[in-house]
Amino acid sequence: MTKGLYIKTYGCQMNVYDSARMADLLAPLGYGDVVRPEAADLIILNTCHIREKASEKVFSELGRLRHFKEQAAADGRRMLLAVAGCVAQAEGEEIVRRAPQVDLVFGPQTYHRLPEMVARATEHGERGLVDTDFPVDSKFDFLPEEHLGDEAAAFLSIQEGCDKFCTFCVVPYTRGAEFSRPVAAVVAEAEKLVARGVCELTLLGQNVNAYHGEGPDGRTWGLGRLLRRLAEIEGLERLRYTTSHPRDVDAELIAAHRDEPKIMPFLHLPVQSGSDRILEAMNRKHTADFYYRVVDQLREARPDLALSSDFIVGFPGERDEDFAATLRLVTDIGFTQAYSFKYSPRPGTPASEISDQVPPEVASERLSILQNLLNEQQIAFNQGCVGRRLPVLLERPGKYEGQLIGRSPYMASVVVEAPSRLMGKLVDVDIQSAHANSLSGTVVTRAPEESPSPEPAGRTPATETRATA
Ligand code: SAH
Ligand code: SF4
Ligand code: F3S
């Protein structure tokens with residue numbers, strides 16, 4: 001008998017990847033995706049702890065889900081409620097205390113034990129199970145080889161955790177120490193995905209370019225070398241990776257951008273601030289000048305490289321002149337898109353103990369000034385694409401009938417009118433207009449195989465994804 005699974009995903013792409021793997025793990029137990037949480041036998045909230053708002057959302061969502069659970073019980077059906085991800089890791093038992101309707105709590109490094117936990121809950125009626133270990137064995141050794149799904153672009157986790165300890169950030173505590181998967185395991189997973197029709201891979205890691213996996217030659221491979229190896233896979237057309245740290249951009253990675261056309265000319269390289277004083281207080285371990293030099297080298301290797309970044313405004317002690325330095329950096333570098341956030345003090349992090357907190361209204365004003373500047377740059381970049389012919393991988397249906405949406409090499413969403421058989425295909429598009437967050441244009445080439453193919457069966461994705469963290 002099939003059972004309904006509903007996964008709601010918050011936070012970063014690593015969580016999106018983890019949610020998909022949870023679905024893979026549960027499929028052999030008879031769980032299939034359902035579109036509405038009311039119809040589910042198991043609901044998983046895969047959570048994010050990065051800012052206060054993100055983690056508080058989870059508790060309000062749990063309140064809403066409690067009613068569904070009560071309704072299910074009234075209908076004689078047991079609905080399991082699980083909290084996974086970084087809030088689970090950070091709060092553990094506290095979640096069950098605050099929300100006793102929760103049956104399972106497990107962290108990002110223990111979700112491979114999900115089938116066992118679900119069995120304990122369903123067969124033995126256990127409740128309030130909490131598993132937030134950092135096991136010695138990597139979860140990757142226990143995940144099923146098969147991925148479900150039929151998408152053309154897929155995520156592949158190659159690295160996890162973080163040893164950087166930026167003073168504002170919870171990730172080193174929620175995801176644990178840095179760990180890199182061996183090259184052979186990454187290549188095998190990539191080959192499986194490509195065999196299934198994936199033509200764009202995004203390699204994931206909290207600190208993806210700190211990757212240092214064991215190579216087949218027994219040596220340690222960096223990300224540059226791994227990317228070159230993956231680029232050899234026939235049928236794989238595009239490679240991306242996220243998120244990088246400026247300190248870990250090495251010569252090998254820069255050279256890979258120069259030599260390997262499958263590596264897309266887009267890089268998300270968070271800088272957080274343009275002020276050396278603040279960068280130091282953040283423990284970023286680099287200066288603004290260091291960031292300029294890294295970007296110069298990357299652009300020398302790949303002149304059309306588009307850059308994206310993350311910024312925090314209102315970090316404790318940030319003065320007007322520090323914020324001005326951030327605006328200067330943005331103006332000098334030029335970003336094609338970026339995420340910017342108001343500093344949010346997180347329990348247990350060193351920055352939350354600093355007494356010199358910036359008043360919220362000052363932080364809000366700085367955020368809106370920064371976002372205006374970043375938006376202007378994004379719009380200018382998008383407008384610069386008008387009149388160009390860009391390869392676009394068509395990935396999903398558009399808002400209106402007959403539309404498909406894909407991504408340009410530079411990550412912008414591109415909307416086209418196209419038959420659904422072009423879904424999953426890489427096509428050339430003449431870009432005709434630019435909007436704030438997307439481009440639109442006309443498909444000029446057909447994918448090589450012109451014979452009509454049946455519509456992909458596909459599963460209905462029940463996973464809801466919030467904006468990138
Ligand atoms: N590993 C990545 C991203 C980590 S989290 C990196 O090193 O850059 C994603 C982004 O959230 C960060 O880049 C940062 O801009 C933001 N962020 C993290 N902690 C935050 C906090 N306490 N308050 C506000 N923004 C935060
Ligand atoms: Fe957090 Fe990124 Fe800093 Fe690691 S490098 S502590 S993940 S912001
Ligand atoms: Fe959020 Fe955890 Fe990712 S805190 S940003 S889901 S690593």
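**Exercise 1.** In this predicted model, find how helix H8 (residues 223-231) and helix H9 (residues 251-259) cross, and which residues make the contact.

*Solution.* Start with the axes: those of H8 and H9 come within 7 Å and cross at roughly 30 degrees. Angles under 35 degrees count as roughly parallel, so H8 and H9 are roughly parallel to each other. Next, look at who touches whom.

**Exercise 2.** Work out which residues of H8 are buried and what they pack against.

*Solution.* First, pick out the buried positions: Leu223, Gly224, Leu226, Leu227, Leu230 and Ala231. Now look down the axis of H8: these residues fall within an arc of 165 degrees, so they line one face of the helix. Finally, list the partners, which are helix H7 (183-195), strands S10 (200-204), S12 (220-221) and S13 (238-242), and H9.

**Exercise 3.** Now try helix H5 (residues 114-123): which residues are buried, and which are exposed on the other side?

*Solution.* Leu114, Met117, Val118 and Ala121 are buried. Viewed down the H5 axis, they lie within an arc of 100 degrees and therefore line one face of the helix. On the other side of H5, Glu116 and Glu123 are exposed. The buried residues pack against several elements, including helix H1 (13-26), strand S3 (42-47) and strand S6 (129-131).

Notes. Residues numbered from 1 in each chain as written. Chains lettered and ligands numbered in written order. Predicted model: local features only at pLDDT ≥ 70, side-chain atom pairs only at ≥ 80, totals over all residues. Heavy atoms only, no water. Axes fitted to C-alpha atoms, helices over the stretch in contact; angles between N-to-C directions. Helix = DSSP H or I, 4+ residues; strand = E, 2+ residues; numbered from the N terminus. Parallel < 35°, antiparallel > 145°, perpendicular 65-115°, else oblique. Contact = heavy atoms within 4.5 Å. Buried < 20%, exposed > 50% of the residue type's maximum accessible area, 1.4 Å probe, protein only. Arc of directions from axis to C-beta.
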